[in-house]
Amino acid sequence: MARRQTTDIDPDEAAHEREPFVAAPVLSAPRPVPASPPPGAGTGFDPGPPGRAGASDFGPLARYVRDPAVTDVFVNGPDDLWVDRGAGLVRQADWSCPDEARLRELAVAIVARGGRHIDEATPCADVRLHDGIRVHAALPPIAPRGTLLSIRIPPLDRPRLDSLTASGLFGEGAEAESARAFIDDAVARRANLLITGAGGSGKTTFLSALLASADPGDRIIAVEDVAELRVEHPHFIALETRQPNLEGAGGVGLDRLLREALRMRPDRLVLGECRGGEIRELLAALNTGHDGGAGTLHANSLDDVPARLEALGSLAAMSPETVARQAVSAIGLVLHLERRGATRRLDAVGRFGLDPAGRLRVESVG
């Protein structure tokens, strides 16, 4: 089946009004189409000031996506909206949509704009829109309360280490200067880095900033499930997985993309997030001379990282001892992030080692 394509819509060419919860249609071939009115027109929804390109694709959520202070938007059914402006989630009591059917239509249209599909057979989808806006959608019946949307919104400016230092990532005063110098040295000497932390701790932002500080002559190839890295670097290339089509064919997974990336002569190989058996390919690649690589991993603390890697390795039929030997050889530093209120901090730095039983352990540095 031919892959669906979408067309950009010029609001100045609107010829008729459409319900605000129905995003612009997805077409089988590019052709001029009538546009919907600005989101919220005549409905009581405030579209908010212009700010972020593509925000109008989110219909009645556009004013939140446009807001430069907003980092996350969560829709939990037709009458429940939560927004994070950096200081924690706040429920928007004045927000609601007409009904579940309209919210579902919005979710389907947003996912289609990201080049994927969501329906009864595939009730969950993860897509990227525009400059790194990441959307996860889930439909009933797996979401009993109604359609769910989780929208992760990156800053308008691409991250750099200088801006993260100013925001307090490395602490304050002499502590910050020492930590920043340590990180700059790790990047310069091409250490392989694993960035860990809980959801929302800033792993992707930190990794983007680290890669931006790499030598401009380095060829950086990143492999991601959904492309989130926003790297200000002259030779940064991203590969993104592909969902199977409606016949179940054509899917391209992370493990396949990692193998393809190795054929593209990377100076630095990056895996956006380790979440499954692809950890085998990443460790193998970093053990064959590809220094300066990096990846991210969900973990609640630095001490939890070895168990997380062992769990992922088991998905690739790797024994704990094999994971340990590969990780010790492949990964130079573990950088663990933590979110404290509105602040994201580099909480701990560690190195992998082997315990007396030959299992993986992490030793704190500094």
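This is a predicted model: local features need pLDDT of at least 70, side-chain atom pairs count only at pLDDT 80 or more; totals for chains, interfaces and linings use all residues.
Within this chain, residues 24 or more positions apart account for 54% of the contacts with a separation of 6 or more, where contact means heavy atoms within 4.5 Å. Residues are numbered from 1 along each chain as its sequence is written, and side-chain values use heavy atoms, with hydrogens and water left out.

Let me turn to the overall architecture. The chain has 9 helices and 14 strands; these are DSSP runs, helices being H or I of at least four residues and strands E of at least two, numbered from the N terminus. Of its 366 residues, 48% count as buried, that is, under 20% relative accessible area with a 1.4 Å probe, protein chains only.

Next, the interior. A nonpolar core is a set of buried Ala, Val, Leu, Ile, Met, Phe, Trp, Tyr and Cys residues joined through side-chain atoms within 4.5 Å. The largest one holds 35 residues, of which V223, V305, L309 and F352 touch the most other members. Among the elements that each supply at least two residues of this core are β8 (220-224), α8 (305-315) and β13. The largest share, 5 residues, comes from α7. Beyond its neighbours within four places in sequence, V305 contacts L194, T196, L297, A299, V334 and F352. A second, separate core of 30 residues includes L164, F170, L211 and A222.

I come now to the largest pocket, with a volume of about 1100 Å³. On a 1 Å grid over the protein atoms alone, a pocket is an open set of points where a 1.4 Å probe fits, with protein on both sides within 12 Å along at least five of seven lines; lining residues have an atom within 4 Å of a point. Its volume is the space filled by probe spheres set on the points. Of the 42 lining residues, R152, P155, G202, T205 and R344 are the closest to the centre. By class, the lining has 14 nonpolar, 16 polar and 12 charged residues; Ala, Val, Leu, Ile, Met, Phe, Trp, Tyr, Cys and Pro count as nonpolar, Asp, Glu, Lys and Arg as charged, and the others, Gly among them, as polar.

Which helix gives the most to this lining? It is α5, with 5 residues. This helix is mostly covered, 8 of its 10 residues being buried, including K203, F206 and L211.

Methods
Buried means under 20% relative accessible area, exposed over 50%, partly exposed in between (1.4 Å probe, protein chains only).
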